[in-house]
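Visitor: I'm new to this one and would like a slow walk through it. Could you show me the structure before we start?

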Amino acid sequence: MKRILEKIGLSQNEILIYEALISLKGASSAGDIIKEASLHRNLVYDALNNLIKRGLVKESRKDKKKFFTLIQPEKLEQSYLQQLKGVQQVSDLVKRLPLLE
């Protein structure tokens, strides 16, 4: 799992948070994630925000408390495919550049 997460560009902290959410099974508070991942509070919130931006985690509130949940794993595949598409676009662009001598 870790190799897949690295390949789609997740940082080490993001990977720890993602794995913690898998272990916690379901909506989890930041406190639960902090304990499970053994990371400082600020690092956990930064990683969670990045995972939310990537569409891999969603945030919800219940009684003014935040909870975090993994979004379906298909999002991982979509993220990886988007990266591949970006690489392919760069490759196509490079092929069209004139050769320098």
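Guide: Let us begin with lysine 64, which is found in the loop between strand 1 (57-62) and strand 2 (65-70); helices (H or I, at least four residues) and strands (E, at least two) are DSSP runs, numbered from the N terminus. This is a predicted model, in which local features need pLDDT of at least 70 and side-chain atom pairs count only at pLDDT 80 or more, while totals for chains, interfaces and linings use all residues. Residues are numbered from 1 along each chain as its sequence is written, and side-chain values use heavy atoms, with hydrogens and water left out.

Visitor: Okay, and is lysine 64 buried or exposed?

Guide: Lysine 64 is exposed, with a relative accessible area of 81%, where buried means under 20% relative accessible area, exposed over 50%, and partly exposed in between (1.4 Å probe, protein chains only). Lysine 64 also has a positive phi of about 65°, although it is not a glycine.

Visitor: Which other residue has a positive phi although it is not a glycine?

Guide: Serine 38 has one, at about 55°, and it is found in the loop between helix 3 and helix 4. With a relative accessible area of 64%, serine 38 is exposed.

Visitor: How do helix 3 and helix 4 pack?

Guide: Two packed helices are described by the angle between their axes and the distance between the axes. Helix 3 (residues 30-37) and helix 4 (residues 41-53) pack at an angle of about 110°, and their axes are 10 Å apart; axes are lines fitted to C-alpha atoms, for helices over the stretch in contact, and angles run from 0 to 180 degrees between N-to-C directions. Helix 3 and helix 4 are therefore roughly perpendicular to each other, a term for angles of 65 to 115 degrees, whereas under 35 counts as roughly parallel, over 145 as roughly antiparallel and the rest as oblique.

Visitor: Which residues meet there?

Guide: From helix 3, Ala30, Ile33 and Ile34 meet Arg41, Val44, Tyr45 and Leu48 of helix 4, contact meaning heavy atoms within 4.5 Å. By class, this contact has six nonpolar, no polar and one charged residues.

Visitor: New topic: how many salt bridges are there in the whole structure?

Guide: A search of the whole structure finds two salt bridges, each defined as a side-chain nitrogen of Lys or Arg within 4 Å of a carboxyl oxygen of Asp or Glu. Glutamate 59 forms one with arginine 61, where the closest N and O atoms are 3.9 Å apart, and the side chains of lysine 66 and glutamate 59 meet in a salt bridge of 3.9 Å, N to O.

Visitor: What does serine 28 touch?

Guide: Not counting residues up to four places away in sequence, serine 28 touches Leu21, Ile33, Lys66, Phe67 and Phe68. Serine 28 lies in the loop between helix 2 (12-24) and helix 3, and at 2% relative accessibility it counts as buried. A polar atom of its side chain lies 3.0 Å from the backbone oxygen of glycine 26.

Conventions. Nonpolar A, V, L, I, M, F, W, Y, C, P; charged D, E, K, R; others polar. Polar contact = N/O pair within 3.5 Å; in protein donor to acceptor, adjacent residues only side chain to side chain.
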